[in-house]
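User: Could you take a close look at the aromatic rings in this model and explain, step by step, how they pair and where they sit?

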Amino acid sequence: SIKDLESLVRSQVEIVPELVHLLNADRASVFLILAEKKELYSVVALGAEIKEIRFPLSRGLAGYVARTGEALNIPDAHLDPRFNPEFDRKTGYRTRSILAVALHDPQGRRIGVVQAINKQGSDVFTKDDEKLLDAFASEWGIAIANVRLISEQRELFDSFVTTMAAALDARDAMTAGHTHRVTEYSMGIAEQLGMPRQQVQGRVPIAGMLHDMGKIGTPDAVLKKAGGLTPEERKIIELHAA
């Protein structure tokens, strides 16, 4: 039901501590793959001293899981040559056991990694821990993929709206830029009125960009007339709102 990444991350911040408790781990992290930059970046890093963790896909155990899709259950990370100790050196934290699982979208494409760190009271995470983390990863993968799909659809729709507004402005040089100014003023007013964020950033800008779209059907002879309008011409202009 969550439709934007920010809200999804907020929900994960609440869920990850429960996961840590169920796994009896010390901390956990959720990373997403930034394919164009070949990087992993943290959307949740519970217990991390660094707010955002970002590193190349070619580095670390999480990078290995992101590249291969292979789940890892490592008793002592510092004994594994794939481990990147840079985070431990920066923070003074001592990473021991790691359980890491890939996040997949419904098409099976890898989109991230979830990992739990330092099993409490034991040297290694159990098979049951692996199954539990894998189950969480499946749910998160679907949720993240849905949010990204909705975001892509929204970007496509926004591009269409912007193009339509530009086409309208191009028809009438006298009012060029009017659509964007109305949109900016409307969003500012909506924000001052305390309207919900989804309204301020969603419906209001769409309404602003499209508010004059009916002029697409107004004849040039009326729309671009230099002098005053006749009563009949004014009626034609007034139809654009309907």
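Analyst: Phenylalanine 55 is buried, with a relative accessible area of 14%, where buried means under 20% relative accessible area, exposed over 50% and partly exposed in between, found with a 1.4 Å probe and protein chains only. Phenylalanine 31 also counts as buried, at 2% relative accessibility. Before going on, please keep in mind that this is a predicted model, in which local features need pLDDT of at least 70 and side-chain atom pairs count only at pLDDT 80 or more, while totals for chains, interfaces and linings use all residues. Residues are numbered from 1 along each chain as its sequence is written, and side-chain values use heavy atoms, with hydrogens and water left out.

A pair of aromatic rings is described by the distance of the centres and the angle of the planes. Rings of Phe, Tyr and Trp (for Trp, its six-membered ring) pair if their centres lie within 6.5 Å, and planes under 30 degrees apart count as stacked, over 60 as edge-to-face and the rest as tilted. By this rule the protein has two aromatic pairs. In one of them, the ring centres of phenylalanine 31 and phenylalanine 55 are 5.5 Å apart and the planes stand at 70°, so the pair is edge-to-face. Because phenylalanine 31 lies in strand 1 (residues 25-34) and phenylalanine 55 in strand 3 (residues 54-56), this pair ties together parts that are 24 residues apart in sequence. Here strands (E, at least two residues) and helices (H or I, at least four) are DSSP runs, numbered from the N terminus.

The rings of phenylalanine 136 and tryptophan 140 also form a pair, with centres 5.6 Å apart and planes at 55°, so this pair is tilted. Phenylalanine 136 and tryptophan 140 are four residues apart in helix 4, and are therefore separated by about one helical turn. Tryptophan 140 counts as buried, at 6% relative accessibility.

Arginine 27 lies over the face of tyrosine 93, at 3.7 Å from the ring centre, and the charged end of arginine 82 sits over the ring of tyrosine 64, 4.5 Å from its centre.

Conventions: A charge sits over a ring if NZ of Lys or CZ of Arg is within 6 Å of the ring centre and within 35 degrees of the ring normal.
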